[in-house]
Amino acid sequence: MSLPEPSAAAPRSGLVVLALLLVYVVWGSTYLGIRLALEGGALPLTMVSGARFIIAGSLMYAVLRWRGMAAPTGRQWRNLAIMGLTMLVLGNGMVVLAERTVSSGLAATAVASVPLWMALFGAMRGTHASRGEWLGIAIGFLGVVWLNAGSSLTASPQGLILLLIAPIGWAFGSVWARGLDLPNPFMTAAGQMLCGGVMLVALGLVTGERPTAWPSMNGLLAVAYLCVFGSIVAFTAYVWLLHNVRPALAASYAYVNPVIAVMLGALIGHERFGLHDIAAMVVILVGVLVLTLARTRAK
């Protein structure tokens, strides 16, 4: 079926809020999950990204088929494969590779550019953000820059390149997918994870990743968390949002995730933050509020 642009006949606001909360909170926690998985000895492409998407996608696909949902057509599988390449291989995979050599603050800053890229690609496709949405995007981005102003932003040249590719790939795939011939949003998430996971594992093997020992228990638990919550729960919520709300609102997670990442780093990773960080988080949340209000007025 062809997926339309969001319209005035949008879903109930309660479902939108629930999906946003899942994407905001769960994806914010995946920065810590990725770090713990890598520190536990899990290979970045074949395990932290590839294997978890294959497992999550396979489970979702099996349940959906068991419940009688039709399998994607050949054309839909092609579209899902391209989405898997842009959003999962270029997006998620590059972030995981970058986290081997860059600070979490820099990774969060890079991801925060996703709404800007989505607005740009959306404008190229004729979906222009309103002035209020641009204002929310600008406020949120300034808040993220402020939040990370005191972070250690050192990184290898390779890490910086990966963090440039990741948000562009994710944003392009998110915008490109709108209006395409795709299955039900849940089947779309499952098929995309299957395609992206296979490509990530293949890329990992081609680039020399070979398991020499089992990851530690903490590493395995971190991968399991990323699989269930980061992939099945939050990613499905994000795909649903792409089908039901404006791109700027769907991409607002990029501003809230750094806040969640900093809070979890303080509570679990024993990282310190002070009034500077709290003030920056408030600015980020103001940006999301402005973005949400602008989206409501547009409807």
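## Largest cavity: lining

By class, 13 nonpolar, 5 polar and 1 charged residues line the largest cavity. Here nonpolar means Ala, Val, Leu, Ile, Met, Phe, Trp, Tyr, Cys and Pro; charged means Asp, Glu, Lys and Arg; the others, Gly among them, are polar. Six helices each give at least two lining residues: H1 (13–39), H2 (44–66), H3 (74–98), H7 (157–176), H9 (217–244) and H11 (253–267). Helices are DSSP runs of H or I with at least four residues, numbered from the N terminus.

## Basis of the values

The model is predicted; local features need pLDDT of at least 70, side-chain atom pairs count only at pLDDT 80 or more, and totals for chains, interfaces and linings use all residues. Residues are numbered from 1 along each chain as its sequence is written, and side-chain values use heavy atoms, with hydrogens and water left out.

## Cavity count and volume

The whole structure holds 3 cavities of 30 Å³ or more. A cavity is a set of points, on a 1 Å grid over the protein atoms alone, where a 1.4 Å probe fits but cannot get out; lining residues have an atom within 4 Å of a point. Points are joined across faces, edges and corners, and volume is the space filled by probe spheres set on them.

The largest cavity has about 310 Å³ of space. Its lining has 19 residues, and Trp27, Thr30, Asn92, Val95 and Trp170 are the closest to its centre.

## Second largest cavity

This cavity has about 100 Å³ of space. It is lined by 13 residues; Thr127, Ala129, Glu133, Pro247 and Ala248 lie nearest its centre. Helices H5 (114–124), H6 (131–147) and H10 (247–250) each give two or more lining residues. H5 supplies the largest share, 5 residues. By class, the lining has 8 nonpolar, 3 polar and 2 charged residues.

Definitions and conventions
On a 1 Å grid over the protein atoms alone, a cavity is a set of points where a 1.4 Å probe fits but cannot get out, and a pocket is an open set with protein on both sides within 12 Å along at least five of seven lines; lining residues have an atom within 4 Å of a point.
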